[in-house]
Amino acid sequence: FEDMQRITLREPSSITLSSEIEASTAAKRMLEDELDLGTIVDNAILEEYSVMCAEIKSDGTDGPSELIGKRYVYNNAIQGIPLAGNWISVGVDESGVYDVIDSWCNVQPDYSETISSSACISAISDIQKSTLVDLSSLVYVMNDEGVYELSYSNSNSDGTQEYVSLYELSN
């Protein structure tokens, strides 16, 4: 995405992370105090990932690994439905926050558009019957006019992803 910004404060340390709770607190503090994005902690959909450091043995196989950090990805959401490509990610290790990847923008919902529930149910039923679709979910996707539209996100068995606008399906 063109509006993405990476702020690297330092490289992550290779010290074992002693407290996942402190890591989470450091991430939230960075968002609330330093980036003034406190509301996202409460309204965003949180994904949490472990940052592992693995030793490579002389024979090329993986040796023991240890948790050296956490990555917290806060996905912007409206009424629990994520906005595609609208998120902020914070990397935290034993020494605190080491980087922030920002693709966040504040979006206010526009409830002036209405969607026919029968058209949506019919479209969703057709999508779910498809043998190509492995996983599907609701998501807001930015259209060509820069407006987020409620859409169905389809992850297909061939690895592709497609978005189907529910506004277009209901009209």
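Trainee: What is the accessible surface of the chain in this predicted model?

Mentor: About 10,400 Å². Carbon and sulfur atoms hold 48% of that surface.

Trainee: How much of the chain is buried?

Mentor: Buried residues make up 40% of the 171 residues.

Trainee: Why is serine 103 called buried?

Mentor: Its relative accessibility is 8%. The cut-off for buried is under 20%, so serine 103 counts as buried. This serine lies in strand β5, residues 96-103.

Trainee: Which residues have the most contacts inside the largest nonpolar core?

Mentor: Tyr74, Ile88, Val92 and Val97, in a core of 18 residues. Two or more residues each come from α1 (20-34), β3 (62-78), β4 (81-93) and β5. The largest share, five residues, is from α1.

Trainee: What does valine 97 touch?

Mentor: Leaving out residues up to four places away in sequence, valine 97 touches Leu9, Arg10, Ala26, Ala27, Met30, Val90, Gly91 and Val92.

Trainee: Which residues does the second core include?

Mentor: Leu83, Tyr140, Leu150 and Leu166 are among its eight residues, and this core is separate.

Trainee: How many helices and strands are in the chain?

Mentor: Four helices and eight strands. Their order along the sequence is β-α-α-β-β-β-β-α-β-β-β-α.

Notes: Residues are numbered from 1 along each chain as its sequence is written. This is a predicted model: local features need pLDDT of at least 70, side-chain atom pairs count only at pLDDT 80 or more; totals for chains, interfaces and linings use all residues. Side-chain values use heavy atoms; hydrogens and water are left out. Buried means under 20% relative accessible area, exposed over 50%, partly exposed in between (1.4 Å probe, protein chains only). Accessible areas come from the Shrake-Rupley method with a 1.4 Å probe; for residues, only the protein chains shown count as cover. A nonpolar core is a set of buried Ala, Val, Leu, Ile, Met, Phe, Trp, Tyr and Cys residues joined through side-chain atoms within 4.5 Å. Contact means heavy atoms within 4.5 Å.
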